[in-house]
Amino acid sequence: MLIGRRAAVAVALLIGFATSSMTTVPKVKADSGPVPPPTYQAGDYAQGNALSILPAGENGLVNAAQALAFEANGTRPPASDDQLAKYANLLYAPNNLDDSQLGNYYNDESFGVPPGDVTRVETPSSSVPVNIYRDTHDVPHIYSSTLAGAGFGIGYAQAEDRLFFMDVLRHYGQGTLSGFLGPSCTWERMDHDQLLTAPYTQAQAQAQLDAMPQEFGAKGQRLLDLLQAYSAGVNAFINAATTDPSLLPADYAAPAAPPAPWQPTDSIYVAAVIGGILGKGGGNEVGNAALLQYLQGHLGAVAGKAAFADFKEQNDPDAPTAITDRSFPYEIPGPVDPATTAIPDSASLTGGPTDTTPNCDLSPPSVPGLNAAQALLRLPHDLSNALVVDAAHSAGGHPIAVFGPQVGYFAPQVLALEDVHAPGYQAEGASIPGTGLVELGRGVDFAWSATSAGSDIVDQRLELVCNPNGGAPQPEGTSYLFNGQCLPMQKETFTEVGVPKAGGQGAPAVINHTIYLTRHGVVQGWTTAQGKPVAVVDQRSTFNHELDSGIGFLDWADPAVTHDATSWLAGASEIYYTFNWLYVDTRDIAEFTSGLDPIRPSNVDPNLPTWGTGNAEWQGWLPPDGHAHEINPPSGLLVSWNQKPAPGFSASDATYSYGPLYRSMTLVEELHHQLAVHGGKLTRANVVSAMQVGAAADFDGRELVPELASYLHGAALPPTDSAMLSQLESWAAGGALRRRAKHGDTQYADAAAVAIMDELEPRLIRAFFDPIFAAGGVGSYAGADDSYRVVPMEWVNTPNNDGGRLGSAYDDSGWAGHELRLLRELQHKPVGQPFSPGVSAAVCGPQGMNDCQTKVINALNDTYTAMVAANGGSTNVAAWTNDTATHTAGQGMPAFDDIGFQAVGLVGQPNIDWQNRPTFQQVVMFPTGRVAALTAAAPRAPAPAAVGHLATTGPPRDAASTGMLLVLAAAALLAFRRRARL
């Protein structure tokens with residue numbers, strides 16, 4: 001996040017609605033016709049086999065009366081928590097779960113509304129042909145006879161459900177939280193940090209909107225038309241809320257100001273927050289340089305460089321990948337020219353975020369505003385998972401998908417649900433508030449979702465500071481050298497006035513944020529390199545192109561454009577933020593890793609800073625064929641949980657976890673288990689069961705304990721150590737689940753093993769790697785050590801998330817991978833990327849690997865001592881229920897792990913048992929589809945998709961389909977050429 005853990009994930013989701021400055025009611029064609037009714041399952045090829053869930057519920061409107069009722073007796077508004085129990089209870093679903101029981105844990109995601117389930121009908125405008133039909137879960141089903149009418153209805157419904165959160169997002173994106181919520185040190189820091197990511201003036205944001213038709217032609221204009229209508233719909237609700245108190249969120253009592261009209265540029269700012277944070281990867285080159293310098297100082301120049309490569313794991317051949325049968329080489333440099341690499345003398349920067357204004361802490365932050373900000377800062381580090389099974393392995397003969405974004409738990413949720421039907425738009429699913437488009441969901445006969453990819457679309461460059469008048473440059477000079485010319489930096493000053501709110505003190509605070517930009521990007525601060533002053537700049541490929549990805553989402557919602565896996569891939573290639581996209585229809589499954597991925601010179605080290613002087617410039621963009629992608633893989637499975645997308649596709653400079661272990665392995669193992677149990681044919685419920693076992697698994701315990709036990713086999717262990725190891729082995733044999741035996745139990749079913757593993761794992765890491773990294777400092781949380789300060793990755797991301805309670809866990813599995821690799825090497829087992837000699841000689845102690853067994857046994861002994869202390873002096877290993885962290889926190893292990901809902905406003909939700917699964921999740925199968933209805937679905941051999949020329953798989957299409965593919969191919973070619981001009 002901008003402060004604390006910033007996601008590199010999501011979800012996705014990005015883009016949004018934006019337009020010119022028009023906020024009036026959109027023009028409606030005279031022949032628009034009547035608004036169609038919400039006929040249940042009309043045009044819906046899922047035939048009831050599409051389900052979804054969004055805890056705690058869709059309704060996010062809390063008016064003043066409802067806020068008072070919640071404060072008085074805990075009563076929550078209707079439909080704000082009606083999906084919570086279904087979601088939470090899946091953890092304890094029966095082992096023999098079948099499709100008929102899925103309705104106990106998911107809601108129907110069919111198009112339309114069943115007869116009798118319409119709870120209210122909203123007609124937000126007398127002049128716009130749109131109706132909003134709310135169902136029993138308060139999900140808006142938006143029907144219009146025009147696309148503009150649908151956009152208007154989406155804006156109205158999304159404002160009704162998430163207006164305050166949308167307001168926080170747009171002010172966050174503008175860098176004006178202090179002006180919105182009142183002066184506060186917290187807001188000032190967040191404002192400045194966001195401006196270091198996307199410092200857009202109103203004119204610059206408007207320029208992005210105006211450029212859409214020029215960049216994307218008719219598609220860009222169509223998006224603008226839709227987004228203009230969206231803005232008008234938002235304002236229609238704001239106007240209604242100013243006259244009807246029951247529609248105004250009570251959260252606005254704290255800012256003491258009604259919501260301002262929604263400007264089209266506001267969606268740019270929302271996209272800048274979501275896409276500029278979650279939809280990116282890379283940008284850690286300066287930190288990497290500091291680690292390299294540390295390792296070279298500790299191990300020597302040659303050994304230190306090799307050690308950096310060992311722990312960076314840019315292309316470990318043992319790394320689990322989503323695509324397993326094809327290689328997609330990316331960021332694999334040739335011989336590096338040292339002249340392109342710019343190593344700063346210090347990673348500490350000056351002139352970055354300004355000091356906060358005097359007495360900024362006199363005004364207490366507004367409660368709803370603080371809640372919303374904390375929610376944004378606690379998005380999970382890596383997002384989402386997907387299990388997709390092909391037709392050959394499906395009991396119904398059609399592919400199955402269980403997938404969704406893992407975006408944390410908030411009240412109301414970050415995502416909003418919607419079902420939209422209009423000419424050229426047929427989609428249902430989840431949308432980021434303030435954007436409006438269905439970014440994850442389903443179409444008429446296909447569905448899609450995403451996981452965070454983190455591909456390298458951000459580089460840090462060192463701009464060599466120069467003096468335009470000659471002479472020595474200033475330490476924080478604002479001119480820089482490029483291609484031999486001394487160029488001035490662009491200076492932007494963003495001013496906001498923070499007026500103290502109720503309970504605040506002092507006069508209004510005038511806050512100025514000064515930002516400098518170069519041709520490469522935003523200046524983060526100044527330092528020196530080779531003794532010369534330099535400015536550190538973040539160069540992001542999607543900078544100033546926040547809305548472009550909306551083209552891909554709009555294509556997916558249009559049945560005439562997206563009609564099979566190949567046309568869906570074309571839409572995925574138009575999304576510039578970096579995500580792994582997964583797809584399923586009645587015949588095919590597919591994957592595409594999106595991103596506007598720069599092509600770097602082959603003589604550049606992609607993990608270290610480069611000079612901004614002109615000798616290391618980007619050379620265009622990776623073409624779609626170069627992105628990891630596939631249709632119908634030979635394995636029949638596509639599983640993604642943020643792991644490496646494909647062999648050869650390098651980890652970004654900010655990713656340290658693409659080693660031999662990744663949490664996606666649990667899902668793959670459980671799918672293979674389900675296939676073995678069910679004769680190679682799976683139902684939707686079987687795939688859900690595989691996902692849910694993975695959701696309850698302690699990944700480190702599951703994957704490391706067997707290797708640790710193998711390594712210690714035959715060693716002379718004290719009885720206490722043997723007792724602990726026995727608990728761990730028994731637990732791992734059952735899947736290493738962190739789950740109560742039944743709902744309501746006070747402890748985990750394997751409480752002792754869970755606590756032992758949490759206590760032991762950090763001690764094992766220290767036993768192995770302290771001799772290399774401890775000198776750089778050790779971080780801690782809740783009385784337990786949890787990280788080496790010089791490596792940008794915590795040891796174990798446990799369910800508690802250092803107090804974040806985010807649900808998502810075990811996403812940074814790099815240290816577990818290092819342990820596994822070392823344990824295998826110690827037993828002389830083969831590994832794809834052995835540790836270099838310098839590391840092998842330094843681990844464990846003075847004797848290198850020869851000291852490891854002694855250090856491991858010492859770690860076990862120390863664990864036993866700590867566990868006795870944490871459990872009140874008890875030496876009964878099997879009866880333990882606490883470790884150091886839970887004892888320090890004064891909580892039992894399950895409560896310590898529980899998922900906590902962050903209140904985005906005034907009304908929260910109760911904690912639920914931990915489970916590591918998507919927040920919004922779909923379970924889908926399409927028994928038929930448009931293509932299948934026209935042609936016999938003959939068996940087809942798996943085949944990769946060549947996105948660049950839109951190669952097809954399977955039987956020939958009819959002439960009309962072939963013509964459409966040719967049109968799409970031409971559009972794709974234009975898009976690829978357009979990339980070269982960006």
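Select S730 first. S730 is exposed, with a relative accessible area of 53%. The cut-off for exposed is over 50%, so S730 counts as exposed at 53%. This is a predicted model. S730 sits in helix 16, which covers residues 719–733.

**The whole protein**

Now zoom out. The protein has 982 residues, and 64% of them are buried. Colour by secondary structure. Show the surface next. The protein exposes about 31500 Å². Carbon and sulfur atoms supply 55% of that area.

**Helix 17 and helix 20**

Hide the surface. Select residues 751–773 for helix 17 and residues 852–870 for helix 20. At what angle do these two helices pack? The angle is about 145 degrees, and the axes are 9 Å apart. The crossing of helix 17 past helix 20 is right-handed.

Show side chains at the contact. From helix 17, pick A755, I756, E759, L760, R763, L764, A767 and F768. From helix 20, pick C852, K855, V856, A859, L860, D862, T863, A866 and M867. Colour them by class. The contact of helix 17 with helix 20 has 12 nonpolar residues, one polar residue and four charged residues.

Step to C844. This residue lies in the loop between helix 19 (837–842) and helix 20. Is C844 buried or exposed? C844 is buried, at a relative accessible area of 0%. The limit for buried is under 20%, so C844 at 0% falls in that class. Check the backbone too. C844 is not a glycine, yet its phi is positive, near 70 degrees.

**Helix 6 and helix 11**

Next, select residues 202–243 for helix 6 and residues 550–557 for helix 11. Their axes come within 10 Å. They cross at roughly 55 degrees, which means that helix 6 is oblique to helix 11. Helix 6 passes helix 11 in a left-handed crossing.

Which residues meet here? On helix 6, look for M212, F216, K219, G220, R222, L223 and L226. On helix 11, look for G550, I551, L554 and D555. The contact of helix 6 with helix 11 divides into six nonpolar, two polar and three charged residues.

Move to N544. It is in the loop between strand 19 (532–540) and helix 11. N544 is not a glycine, but its phi is positive, about 70 degrees. How accessible is N544? Its relative accessibility is 36%, so N544 counts as partly exposed.

**Two cis peptide bonds**

Select P55 and A56. The peptide bond from P55 to A56 is cis. Its omega is near 0 degrees. A56 lies in the loop between strand 1 (50–53) and helix 1 (64–73).

Last stop: A411 and P412. A cis peptide bond joins A411 and P412, with omega about -5 degrees. Where is P412? P412 is in the loop between strand 8 (410–411) and strand 9 (416–422).

Notes: Residues are numbered from 1 along each chain as its sequence is written. This is a predicted model: local features need pLDDT of at least 70, side-chain atom pairs count only at pLDDT 80 or more; totals for chains, interfaces and linings use all residues. Side-chain values use heavy atoms; hydrogens and water are left out. Axes are lines fitted to C-alpha atoms, for helices over the stretch in contact, and angles run from 0 to 180 degrees between N-to-C directions. Helices (H or I, at least four residues) and strands (E, at least two) are DSSP runs, numbered from the N terminus. Angles under 35 degrees count as roughly parallel, over 145 as roughly antiparallel, 65 to 115 as roughly perpendicular and the rest as oblique. A crossing is left-handed if the near helix is turned anticlockwise from the far one by less than a right angle, and right-handed if clockwise. Contact means heavy atoms within 4.5 Å. Ala, Val, Leu, Ile, Met, Phe, Trp, Tyr, Cys and Pro count as nonpolar, Asp, Glu, Lys and Arg as charged, and the others, Gly among them, as polar. Buried means under 20% relative accessible area, exposed over 50%, partly exposed in between (1.4 Å probe, protein chains only). Accessible areas come from the Shrake-Rupley method with a 1.4 Å probe; for residues, only the protein chains shown count as cover.
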